[in-house]
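Thanks for joining; I would like to walk through one model with you this morning, starting from the charged side chains and ending with the packing of the helices. Please have a look at the display before I go on.

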Amino acid sequence: MATPSKSMTTSEFAKATGIPAATISKLIREGKLKAKKEGQSWMIPQSQLAAKVVRELGKPPKPPKAKKPSKPAAVPPPAKAAKPVRRTPAPSLAPKAPAALVPAPEPAVATRPENPPAEKTYSVSEFEAMTYLTEKGVSEWLKSGKLKGVKTESGEWRLLASNLQVPSISRLVRK
């Protein structure tokens with residue numbers, strides 16, 4: 001009487017071969033691997049470890065063959081002489097101002113324009129309704145500079161209509 005060969009589940013077989021379990025299941029469905037359904041699991045005989053399809057999938061991909069040039073290779077242009085290295089002048093020895101006294105860079109958005117923009121503007125709630133952004137998202141994007149806007153004298157933000165033309169924002173416009 002022959003002893004039955006040990007069987008493996010798809011996940012065990014996948015670990016043994018290095019092939020993803022989903023691929024193993026697909027090979028079983030296509031009939032390229034022999035397996036038996038026991039309960040809810042596929043049981044694959046260990047003899048299938050030597051199957052042709054497993055050997056092919058387990059091999060590293062073959063490197064592409066080098067093509068022979070149809071024309072003789074052109075002579076490369078002569079090498080250029082190395083450019084001289086430029087030395088930057090030594091930094092000034094004048095004492096640096098403390099970081100607290102260095103003026104902060106100008107923000108990307110205007111805070112109080114003398115002349116209101118000629119461009120159409122939207123309130124935060126209007127802009128929120130037009131896009132998939134939330135009020136918090138609009139505020140964060142204003143702070144980070146992704147959105148351009150102006151702050152009114154009452155402290156309310158008005159977002160410029162040109163924001164809707166920016167690719168990263170135009171994809172968020174509600175249709």
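Let me begin with a term: by a salt bridge I mean a side-chain nitrogen of Lys or Arg within 4 Å of a carboxyl oxygen of Asp or Glu. What you see is a predicted model, in which local features need pLDDT of at least 70 and side-chain atom pairs count only at pLDDT 80 or more, whereas totals for chains, interfaces and linings use all residues. Residues are numbered from 1 along each chain as its sequence is written, and side-chain values use heavy atoms, with hydrogens and water left out.

How many salt bridges does this rule give? The count comes to four, and among them is the pair Glu30 and Lys32, whose side chains meet at 3.5 Å, N to O. Glu30 also meets Lys26 in a salt bridge, here at 4.0 Å from N to O. For accessibility I use relative accessible area, where buried means under 20%, exposed over 50% and partly exposed in between, with a 1.4 Å probe and protein chains only. On that scale Lys26 is partly exposed at 44%, Glu30 is partly exposed at 41%, and Lys32 is likewise partly exposed at 49%. Through shared partners, the salt bridges join Lys26, Glu30 and Lys32 into one network.

Elsewhere in the chain, Glu156 forms a salt bridge with Arg158, with 3.7 Å between the closest N and O atoms, and Glu156 is partly exposed at 38%. Both residues come up again with Ser123, which lies in strand β4, residues 121-123; helices (H or I, at least four residues) and strands (E, at least two) are DSSP runs, numbered from the N terminus. Ser123 counts as buried at 10% relative accessibility, and, leaving aside neighbours within four places in sequence, Ser123 is in contact (heavy atoms within 4.5 Å) with Glu156, Trp157, Arg158 and Leu159.

Stepping back to the whole chain, the secondary structure comes to six helices and six strands, and from the N terminus on the elements run β-α-α-β-β-α-β-α-α-β-β-α. Buried residues make up 22% of the 175 residues.

Now to helix α2, residues 21-29, where the buried residues are Ile24, Leu27 and Ile28. They lie on the same side of α2, because they cover an arc of only 100° around the axis, the arc being that of the directions from the helix axis to the C-beta atoms. As a reminder, an α-helix has 3.6 residues a turn, so residues three or four places apart point the same way. The face of α2 turned away from the buried side carries the exposed residues Ala22 and Arg29. The buried residues of α2 pack against α1 (10-17), β3 (41-45) and α3 (52-58), and α2 is followed by Gly31, whose phi is positive, near 80°.
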